[in-house]
Amino acid sequence: MTSRRLVRAEMRKLTTTKMPWVFLAVLAAIAGTTAIAVVFGTDADGSKGFISTAEDQRSLMAFAYNGLVIAALFGAIAVAREYAHDTVVPTFLIEPRRRRAVLAQFAALMVGGAVLGFAGTALTMAAVAIALIATDYGFMVSVGDATRLLAASSFAAATGALLGAGLGTFIRNTGGAVAALVVVLLIAPPLAVQLVSDAISWVPGNLALSASGLAGEPGMAAALIAMAAWAAIPAMIGLSAARRRDIV
Amino acid sequence: MKSDPRITSSRGRTYGAQPRRRDGAAAALEIDHVTKRYGDDAAVQDLSFTVQPGRVTGFLGTNGAGKSTTMKILLDLASADEGTATIGGTRYRDLEDPARTVGVVLEPNAFHPGRSGRDHLRILADGGGFPTERVQEMLTLVGLEDAADRRVGAYSMGMRQRLSLAAALLGDPPVLVLDEPGNGLDPQGIRDLRGLLRERAADGDTIFVSSHLLSEVEHLADEVVVLNKGRLVASGSLRELQREETFVRSPSRDHLTEVLGSAGGTVQPFEEDALLVRDLSIDVIGNHAHRAGIELHELSPHPGSLEDLFMGWTDLTDVDGTLGAAKEVVSA
């Protein structure tokens, strides 16, 4: 009961500032850019091969990795701003058992992240479908594949939000949390692949493709578990830090 | 802010003056040998005092004296290196329903500037499980109905302070811990706040208020706890503490200053031919003057202002750089 109340409060926090609308605007802009690419873009040979098959169109609409990165930014900024504005203080006064309070915050952000991931994919699909009207190609992606893209993106974005929230909780500074995200999602994975080539299957970008059904290895279940693990580690670090330190 | 509120929640509970007498529901706050260090610096050192229910206790100290740190330790926002801080014998984190037990205003006020005042309270109501009607009730109580849907970023300091008070009162808690609640309030707001806190204390609530506005505390508090450099320098009934000064008029003021100073008194010149003396009782002062053959024209208890007392308590520290136990003023 207490946890449900806390999650409701955290959800209200997310929906009573402009931040979600800013992120939705970014998603709309990405969808619009994709539509422009569909209408005006060509391959190197001048053809429109990049939209000529169902597989091509699925790749174009696969939003899971974008969703993960965007939701990670959303989670990191949302949490870091809680500390910047000290609004975490009333939260910890209502629920001084900080594990519960922080987990409620993470849960709400995962829901918010999933919504962003879903919305990002849905907007992109809609934009592509509309843009295809202006080309010689129709919308070829099956309902089943579209559903999988939506589900994969929602899941990836939920884990991204958790990852960002964990870093935001640990670092507590918006700039620092965003910088840490850049390192974790954009700099560290290629470095890891350079050190261990087999690691390529387990970096977030490839895991998002696997979850979307666009990469062979690892399988979908393994990809989902691995994505959750990527998020769980910073989340646990953040949770541990929040429980121990002073709020001053 | 409107004093003497009579507000009824959706559960039929009435908040306000007489109807909300609690009869022992409020709890004493116990600070027991608390020490908090930041690196080598002690923000609070071996601090012990009790805040009783049914009284307004003013928490005084210079900037950096450790007041906010003590409150944060009491509220489990900061951990003590040594000692314990409890509310009715229970640590804050172990309270069954903290949001309904303790109302808190802390400096600086914690608001998201882009969120409306109403939404801020709704979030707290959601988290605390309070009826949503309480949000409007508290907005009305603090006089923010008209500004409730504006962004907090556009609020004046006084409006933010009113919103903080609304948040603190949302759960109708029997204990209030307020850090500088009068900051930014206009005179009417301060007057209303004083009325509200006095009413709640009369109902049996525990009211613990830090403030640097000594005149305000003098009007408001029954008890005071005074810190200087992280240590307790005075605590007890304000009225009793104010009686601890003695006014002495004598044509031999300098000689008397010497005599009383060597007897352990703290002596301050007052007017042209008089002294204010602390740390010696009135009969001891008379005896010393008599034995030294000093003529006295007046010897009487002096109801010193809180400001005078406060300056004396904090001056004690500045003179010798330390606060020995003998310098502490603790009234029963």
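1. Of the 332 residues in chain B, 49% are buried, a residue being called buried if 20 or more other C-beta atoms lie within 10 Å of its own, exposed if 12 or fewer, and partly exposed in between, with C-beta atoms placed from the backbone. This is a predicted model, in which local features need pLDDT of at least 70 and side-chain atom pairs count only at pLDDT 80 or more, while totals for chains, interfaces and linings use all residues. Residues are numbered from 1 along each chain as its sequence is written, and chains are lettered from A and ligands numbered from 1 in the order in which they are written.

2. The secondary structure of chain B consists of eleven helices and 16 strands, where helices (H or I, at least four residues) and strands (E, at least two) are DSSP runs numbered from the N terminus. Among the contacts in chain B with a separation of 6 or more, 70% are between residues 24 or more positions apart; two residues are in contact if their C-beta atoms, placed from the backbone, lie within 7 Å.

3. The contact between the chains takes 24 residues from chain A and 27 residues from chain B. On the chain B side, helix H2 (98–101) and helix H3 (117–128) each supply at least two residues, and H3(B) gives the most, with seven residues. By class, the side of chain B that touches chain A has 14 nonpolar, six polar and seven charged residues, with Ala, Val, Leu, Ile, Met, Phe, Trp, Tyr, Cys and Pro counted as nonpolar, Asp, Glu, Lys and Arg as charged, and the others, Gly among them, as polar.

4. Helix H5 of chain B (residues 157–169) is mostly covered, since eleven of its 13 residues are buried; these include B:Met159, B:Arg160, B:Gln161 and B:Arg162. The buried residues of H5(B) pack against helix H5 (88–94) of chain A, as well as against strand S7 (102–105), H3, helix H4 (133–141), strand S8 (175–179) and helix H6 (187–202) of chain B. The length of H5(B) also agrees with expectation, because at 1.5 Å a residue its 13 residues should span 18 Å and its end C-alpha atoms are 19 Å apart, the expected span being 1.5 Å times one less than the number of residues.

5. In chain A, the axes of H4 and helix H8 (residues 174–195) come within 8 Å and cross at roughly 155 degrees. Axes are lines fitted to C-alpha atoms, for helices over the stretch in contact, and angles run from 0 to 180 degrees between N-to-C directions. H4(A) and H8(A) are therefore roughly antiparallel to each other, given that angles under 35 degrees count as roughly parallel, over 145 as roughly antiparallel, 65 to 115 as roughly perpendicular and the rest as oblique. Their crossing is right-handed; a crossing is left-handed if the near helix is turned anticlockwise from the far one by less than a right angle, and right-handed if clockwise. In H4(A), A:Val69, A:Ala72, A:Leu73, A:Ala76, A:Ile77, A:Ala80, A:Arg81 and A:Ala84 meet A:Thr174, A:Ala177, A:Val178, A:Leu181 and A:Leu185 in H8(A), and the residues of this contact divide into eleven nonpolar, one polar and one charged.

6. H4(A), which covers residues 64–84, also packs with helix H9 of chain A (residues 204–211), at an angle of about 130 degrees and with the axes 8 Å apart. That angle makes H4(A) oblique to H9(A). Here A:Ala64, A:Tyr65 and A:Leu68 in H4(A) meet A:Pro204, A:Gly205, A:Ala208 and A:Ala211 in H9(A), and the residues of the contact are six nonpolar, one polar and no charged.

7. A:Thr42 lies in the loop between helix H2 (19–40) and helix H3 (54–61) of chain A, and counts as exposed, with 11 C-beta neighbours inside 10 Å. Leaving aside residues up to four places away in sequence, A:Thr42 touches A:Ser47 and A:Lys48. A:Ala37, in helix H2 of chain A, counts as partly exposed, with 16 C-beta neighbours inside 10 Å. A:Ala37 and A:Ala131 are 94 residues apart in sequence, yet 8.8 Å apart in space from C-alpha to C-alpha.

8. Two residues of chain B deserve a look at their backbone angles. B:Asp76, in the loop between helix H1 (67–74) and strand S6 (82–87) of chain B, has a phi near 60 degrees, a positive value in a residue other than glycine, and is buried, with 23 other C-beta atoms within 10 Å. B:Lys229, in the loop between strand S10 (223–228) and strand S11 (231–237) of chain B, has a positive phi of about 50 degrees although it is not a glycine, and is buried, with 21 other C-beta atoms within 10 Å.
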